[in-house]
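Please look over the structure before reading the points.

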Amino acid sequence: MAARKLLPALYCRHRGGDLATGSRIIGSARQPFTDDQYRALLEERVRPHIDPDDFNVEAWNQFLRQVEYVRSDARDGASFDELAARLSASGDRTRVFFLATSPSFFTDICRQVATVGAVTPASRVVLEKPLGRDLGSSRAINDIVGSIFSEDRIYRIDHYLGKESVQNLLALRFGNALFEPLWSRSWVHDVQITIAEQVGVEGRGEFYDHTGALRDMVQNHLLQLLCIVAMEPPSSIDADAVRDAKLQVLRALRPFAESDVHARSVRGQYRAGAVGGQPVPGYLEEPGIPAGSHTETFVALRVDIDNWRWAGVPFYLRTGKRMQERLAEIVVNFRHVPHQILEPARGAFAHNRLVIRLQPDDALMLQVQAKTPGDGMRVQPMSLSLSFEDSAATRRLDAYERLLMDVIRGRLTLFMRRDELEAAWRWVEPILHGWADSSDAPKPYISGTWGPAASSALIGRDNCAWHEEA
């Protein structure tokens with residue numbers, strides 16, 4: 001995490017002139033490095049993750065001079081004395097503690113930095129997901145962290161909210177009059193949110209087998225995207241106004257009853273196959289995965305929002321590893337016109353469809369019906385497309401660049417509040433319990449496909465189809 005995301009992001013903001021003069025970056029872990037040894041390690045491990053177009057030797061060397069290292073062990077309080085001594089030289093400047101560790105260490109680290117006097121009124125803490133394994137463990141972590149840092153100094157980070165495309169989603173909804181009159185049950189037929197990965201567990205087998213796709217992706221990324229799509233217009237872009245609006249969506253999610261878990265959810269697990277033309281092993285053959293594991297690598301859910309705007313509109317959430325494409329997108333299918341006077345060129349009429357692509361590229365596509373050339377009045381679907389990357393006049397910030405600067409500047413809008421997090425866990429828990437109580441194994445799917453056939457059946461029961469199958 002630090003080598004791939006955090007330090008490249010900090011370097012880019014340093015080069016962009018956003019880090020204040022005299023800023024210090026202190027790495028801390030159990031290995032006994034000196035400052036120079038740590039800088040040499042960054043040269044080896046961080047530099048390859050910096051875009052060559054962003055790299056400048058002089059800026060990089062200046063950045064490295066700001067980097068220090070202190071050994072510490074979350075379970076050894078004495079090891080934090082040196083960190084406190086280093087930080088004392090910073091006076092009352094803003095301190096950001098970014099805990100890029102297992103959540104099991106969050107409480108220990110917060111207690112240790114508080115015990116040695118390193119937490120000041122200007123200190124902030126950043127917590128990576130997943131924050132706990134369920135509602136109870138999440139509350140336990142938040143209770144202890146909250147006893148040391150006030151809520152307005154706790155930044156629960158979800159990097160999806162820092163993506164430029166997600167910011168564009170907010171702009172699309174609340175900066176234009178075009179879509180808002182159609183953004184309700186009166187005109188929306190269904191909504192699909194997909195985050196598909198081509199990678200497997202990437203050497204994190206032991207961690208992933210104790211987590212699974214529901215905790216790793218649905219409880220945070222997918223639910224956050226759902227909230228932005230479905231929330232009421234907030235009164236302002238201020239942190240609490242936006243987070244209040246998201247919380248109302250989470251509270252309106254229809255809970256899963258025991259009988260709903262089988263009917264409204266699909267969990268899958270990838271088998272050996274090919275991704276990008278290369279053979280890949282199945283989940284059970286990955287290092288660190290125990291034989292017979294029932295941990296899911298794929299999830300599909302049918303979700304209902306019980307409020308006036310969305311009652312009766314199905315929302316479909318889907319995520320998986322070893323999928324056919326690396327893709328994150330939101331698809332809004334609109335209802336057909338009330339009375340059809342035209343004739344389709346072939347097959348049935350397609351829905352007007354808005355596709356908001358989040359990765360690998362940021363794009364907006366609107367599918368409409370247009371007349372086919374020639375005699376008659378037959379129509380066929382055509383797409384109006386806008387690529388945000390092609391239209392951008394300035395360099396686009398990486399998600400962590402934006403979020404780290406928001407932490408430093410004290411902006412909380414893109415971070416989860418505690419009541420949001422608890423509402424998400426409260427909704428997810430019945431699904432976890434239903435799967436745990438079931439003797440059914442996850443549905444198998446071949447790597448390099450779009451997941452188990454049961455996910456197509458799930459959406460097909462409502463006379464819908466996934467975007468790539470439509």
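**Briefing on a predicted model**

By class, eight nonpolar, four polar and six charged residues make up the lining of the second largest pocket. The model is predicted. The points below are grouped by topic.

**The second largest pocket**

- The second largest pocket has a volume of about 340 Å³.
- Its lining consists of 18 residues, and those nearest the centre are Val261, His262, Ser265, Trp435 and Asp440.
- Two or more lining residues each come from helix 11 (258-264), strand 7 (265-271), helix 14 (418-437) and helix 15 (453-460).
- Helix 11 gives the largest share of this lining, four residues.

**Helix 2 and helix 3**

- Helix 2 (residues 35-45) packs with helix 3 (residues 57-65) at an angle of about 140 degrees, and their axes are 10 Å apart.
- The crossing of helix 2 past helix 3 is right-handed.
- Helix 2 makes the contact with Arg39, Leu42 and Glu43, while helix 3 uses Trp60, Leu64 and Arg65.
- Of the residues in this contact, three are nonpolar, three are charged and none is polar.

**Helix 5**

- Helix 5 (residues 106-115) is mostly covered, with seven of its ten residues buried.
- The buried residues of helix 5 are Phe106, Thr107, Asp108, Ile109, Cys110, Gln112 and Val113.
- These buried residues pack against helix 4 (81-88), strand 3 (95-99), strand 4 (123-128) and helix 6 (135-148).

Note on methods. Residues are numbered from 1 along each chain as its sequence is written. This is a predicted model: local features need pLDDT of at least 70, side-chain atom pairs count only at pLDDT 80 or more; totals for chains, interfaces and linings use all residues. Side-chain values use heavy atoms; hydrogens and water are left out. On a 1 Å grid over the protein atoms alone, a cavity is a set of points where a 1.4 Å probe fits but cannot get out, and a pocket is an open set with protein on both sides within 12 Å along at least five of seven lines; lining residues have an atom within 4 Å of a point. Grid points are joined across faces, edges and corners, and a volume is the space filled by probe spheres set on the points. Ala, Val, Leu, Ile, Met, Phe, Trp, Tyr, Cys and Pro count as nonpolar, Asp, Glu, Lys and Arg as charged, and the others, Gly among them, as polar. Axes are lines fitted to C-alpha atoms, for helices over the stretch in contact, and angles run from 0 to 180 degrees between N-to-C directions. A crossing is left-handed if the near helix is turned anticlockwise from the far one by less than a right angle, and right-handed if clockwise. Contact means heavy atoms within 4.5 Å. Buried means under 20% relative accessible area, exposed over 50%, partly exposed in between (1.4 Å probe, protein chains only).
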